[in-house]
Amino acid sequence: MNPAHPPNRSSSQLQISGAIVLNASHSTYVWDGIWGGDIYSLPLERKQRAAKRAAALQLFENIGTHESVLDIGCGSADLLSILFDSRDKNGGMLVGLERSGTALDLAAKRNGDSDVYLVSGDATKLPFGDDSFDNVLLFGVMEHISDSHVVLSEARRVLRSSGRVFITSSNAMSALQLKNFALDRVGRYRYGYQKNWTRKSLVRLVEQFFDVEEQFVLQCDADMPLVLAIDSLIGKIFSGWGRYICIRAKRC
Ligand SMILES: C[S@@+](CC[C@H](N)C(=O)[O-])C[C@H]1O[C@@H](n2cnc3c(N)ncnc32)[C@H](O)[C@@H]1O
């Protein structure tokens, strides 16, 4: 199968509107620099972010402890570490795939004593065979890769039949993105390429590859108090408003 195209779907169907792109023409890979010293890589930030991702997973439902998990764009693998600690030693295989060598160094330190496998690679060309995993996580990663449809196609390819993909992605409809959009306008948005979908547009994209089973919007935590206050207020009026879009979908 050509991984860029799922069966029975033409590439013209892959055009999706309803997204805001920051740093649209940016082609430099920025993540080694971010993991090497940006506030994003600080231990407290990493801990809070991993806890938020773990909370999203629990809202979907916990992954069975005997099921294998591939975390694509795992960063410093703090989430995999949480998953590892929550399992017994006979649990399914946990694998983190990451393009940034700096992130992988952090991940190796974090997971030194555990059986989390860390793999250097690209989400658009996964170094795994077809039907390899029970679950694939795409947490905060799809929005940073311009070939997002290829990422979904690859996730689908490596999933076993009836396997599930769990996605969290930054929501275009959040006060944070209004701020990021303003920074981008003055050339000061520093996290490279970023595409922020609305919930509807992301669901439409994911539906081209998977059967969407569950979708919801998650607010941020009190570490971003202003964003939390504004998003919670607007979210009472518009149900698609909030920090993260969360989707669980099944390989069809
Ligand atoms: C916003 S971070 C999210 C990290 C982690 N999933 C988390 O939830 O904290 C995005 C990650 O995706 C990784 N990434 C970006 N493009 C990638 C690619 N083409 N293949 C693999 N990883 C990639 C970056 O290096 C970065 O670690």
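How many of the residues of β3 are buried? Five of its five residues are, and the strand is thus described as mostly covered. The points below start from the whole chain and return to this strand.

1. Basis of the note. This is a predicted model, in which local features need pLDDT of at least 70, side-chain atom pairs count only at pLDDT 80 or more, and totals for chains, interfaces and linings use all residues. Residues are numbered from 1 along each chain as its sequence is written.

2. Overall build. The protein chain has eight helices and nine strands. Its radius of gyration is 17 Å, close to the 18 Å of the globule rule for 252 residues, so the chain is as compact as a globular protein of that length. That radius is taken over C-alpha atoms, and the globule rule is 2.2 Å times the number of residues to the power 0.38. Along the principal axes, the C-alpha atoms fill a box of roughly 45 × 45 × 35 Å. Helices (H or I, at least four residues) and strands (E, at least two) are DSSP runs, numbered from the N terminus.

3. Of the 252 residues in the protein chain, 40% are buried. A residue is buried if 20 or more other C-beta atoms lie within 10 Å of its own, exposed if 12 or fewer, and partly exposed in between, with C-beta atoms placed from the backbone. Among contacts with a separation of 6 or more, 76% are between residues 24 or more positions apart. Two residues are in contact if their C-beta atoms, placed from the backbone, lie within 7 Å.

4. Strand β3 and its partners. L94, G96 and E98 point one way from β3, V95 and L97 point the other way, and all are buried. β3 runs parallel to β2, to which four bridges join it, and L70 has V95 as its bridge partner in β3. With strand β4 (residues 116–120), β3 pairs in the parallel sense over five bridges; here V95 stands opposite Y117. Two strands pair if DSSP finds at least two bridges between them.

5. Crossovers at β3. β2, helix α3 (residues 78–85) and β3 form a right-handed β-α-β unit. β3, α4 and β4 form a right-handed unit of this kind as well. A crossover is right-handed if, with the strands pointing away from the viewer, the path from the first strand over the helix to the second runs clockwise.

6. Strand β5. Six of the seven residues of β5 (residues 133–139) are buried. β5 pairs with strand β2 (residues 69–72) in the parallel sense over four bridges, with V69 opposite N135. It is also joined by six bridges to strand β6 (residues 159–170), and these two run parallel; V136 has V165 as its bridge partner in β6. β5, helix α5 (residues 148–158) and β6 make a right-handed β-α-β unit.

7. The ligand shell and R99. Of the 18 residues around the ligand, W31, G73, G75, R99 and A123 come nearest; a residue is near a molecule or strand if its C-beta atom, placed from the backbone, lies within 6 Å of it. The shell divides into seven nonpolar, six polar and five charged residues. Ala, Val, Leu, Ile, Met, Phe, Trp, Tyr, Cys and Pro count as nonpolar, Asp, Glu, Lys and Arg as charged, and the others, Gly among them, as polar. R99 lies in the loop between β3 (94–98) and α4 (101–110). R99 counts as partly exposed because it has 19 C-beta neighbours inside 10 Å. Beyond its neighbours within four places in sequence, R99 is in contact with W31, G121 and D122. R99 and S120 are 21 residues apart in sequence, with their C-alpha atoms 5.6 Å apart in space.

8. Backbone points to check by eye. N23 is not a glycine but has a positive phi of about 50°. N23 is found in the loop between β1 and α1 (31–37), and it is buried because 20 other C-beta atoms lie within 10 Å. S162, also not a glycine, has a positive phi of about 70°. S162 has its place in strand β6, and it is exposed because 10 other C-beta atoms lie within 10 Å.

9. Strand β1. V21 is found in strand β1 (residues 19–22). V21 is partly exposed, with 17 other C-beta atoms within 10 Å. V21 and E207 are 186 residues apart along the chain, and their C-alpha atoms are separated by 21 Å.
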